[in-house]
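Student: Can we go through this one together, a topic at a time?

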Amino acid sequence: MCCNGVLFHIVRLQPTDSVKSLESLGMKVSRKKKEPYFNQPCRFLRECTCTIYQDRPSRCRLFECTQIQQMAKGETSEAEAASIVMLTRQAVSRLEALLEQWGNLEKQLPLTERCNQMLPLVSPEERLILADEMRGLNQLLNQHFRLEAVELSIC
């Protein structure tokens, strides 16, 4: 979920990352205040595999979600972590199913952005359903995956 636009919208490149090398691999690098970054979902993610694994940016190399950190410390088991991952993926699937049902098929955008696009297009009842599902997903992500709690709200 760190690469598919669920946890993050962008990944900031670090000074140790070679922008030219990443661009030569086909990465579309953008800049904000001269700081290079790339958008999520990552174009190099195929199913659950990074197609540029050996050449991936340093943030990708160094990132460990809370579940991985807790497993490394012995605070949770692999089975417990797998159960939380499955629960979270189910929440993501519910949101994606709603978006698809309502006509949003733009999977190249982060999940929260896709949800925000739908708000003006759906009924008030559907808006509540979407907001509740997004809130539930954010709680799971903040509690079990993100290193710092982030509120990716539906506007």
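Student: Within what distance do the axes of H4 and H5 come, and at what angle do they cross?

Tutor: The axes of helix H4 (residues 78–101) and H5 come within 11 Å, with a crossing of roughly 35 degrees, where an axis is a line fitted to C-alpha atoms over the stretch in contact and angles run from 0 to 180 degrees between N-to-C directions. The helices (H or I, at least four residues) and strands (E, at least two) are DSSP runs numbered from the N terminus. This is a predicted model, in which local features need pLDDT of at least 70 and side-chain atom pairs count only at pLDDT 80 or more, while totals for chains, interfaces and linings use all residues. Residues are numbered from 1 along each chain as its sequence is written, and side-chain values use heavy atoms, with hydrogens and water left out.

Student: Okay, and which hand does the crossing of H4 and H5 have?

Tutor: H4 and H5 cross in the left-handed sense, meaning that the near helix is turned anticlockwise from the far one by less than a right angle.

Student: Which residues meet there?

Tutor: On the H4 side they are Val92, Leu95, Glu96 and Leu99, and on the H5 side Leu111, Arg114, Cys115 and Met118, with contact taken as heavy atoms within 4.5 Å. By class, this contact of H4 with H5 has six nonpolar, no polar and two charged residues, where Ala, Val, Leu, Ile, Met, Phe, Trp, Tyr, Cys and Pro count as nonpolar, Asp, Glu, Lys and Arg as charged, and the others, Gly among them, as polar.

Student: How do H4 and H6 run relative to each other, parallel or antiparallel?

Tutor: The axes of H4 and H6 come within 10 Å and cross at roughly 155 degrees, and the two helices are therefore roughly antiparallel, given that angles under 35 degrees count as roughly parallel, over 145 as roughly antiparallel, 65 to 115 as roughly perpendicular and the rest as oblique. Among the contact residues are Leu87, Ala91 and Leu98 of H4, together with Ile129, Glu133 and Leu141 of H6. The class count for H4 with H6 is 13 nonpolar, two polar and two charged residues.

Student: And what about the H5 and H6 axes?

Tutor: Helix H5 (residues 111–118) and helix H6 (residues 124–144) have axes that come within 11 Å and cross at roughly 165 degrees, so H5 and H6 are roughly antiparallel to each other. The crossing of H5 past H6 is left-handed. Leu111, Thr112, Cys115 and Met118 of H5 meet Leu130, Met134 and Leu137 of H6, a contact with six nonpolar, one polar and no charged residues.

Student: Switching to the strands, what order does the open sheet have?

Tutor: The three strands of the open sheet are arranged E1-E3-E2 with antiparallel pairing, and strands count as paired if DSSP finds at least two bridges between them. Strand E1 (10–12) and strand E2 (30–32) are the edge strands, each pairing on one side only, and the twist from one strand to the next averages 40 degrees.

Student: How many bridges hold E1 and E3, and which residue is the partner of Ile10?

Tutor: E1 and strand E3 (residues 35–39) pair over three bridges, and Ile10 has Asn39 in E3 as its bridge partner. E2 and E3 likewise pair over three bridges, with Ser30 opposite Tyr37 in E3.

Student: Which backbone angles deserve a look around there?

Tutor: In the hairpin of E2 and E3, with two residues between the strands, Lys33 takes a positive phi near 55 degrees, and Lys34 has a positive phi of about 70 degrees although it is not a glycine.
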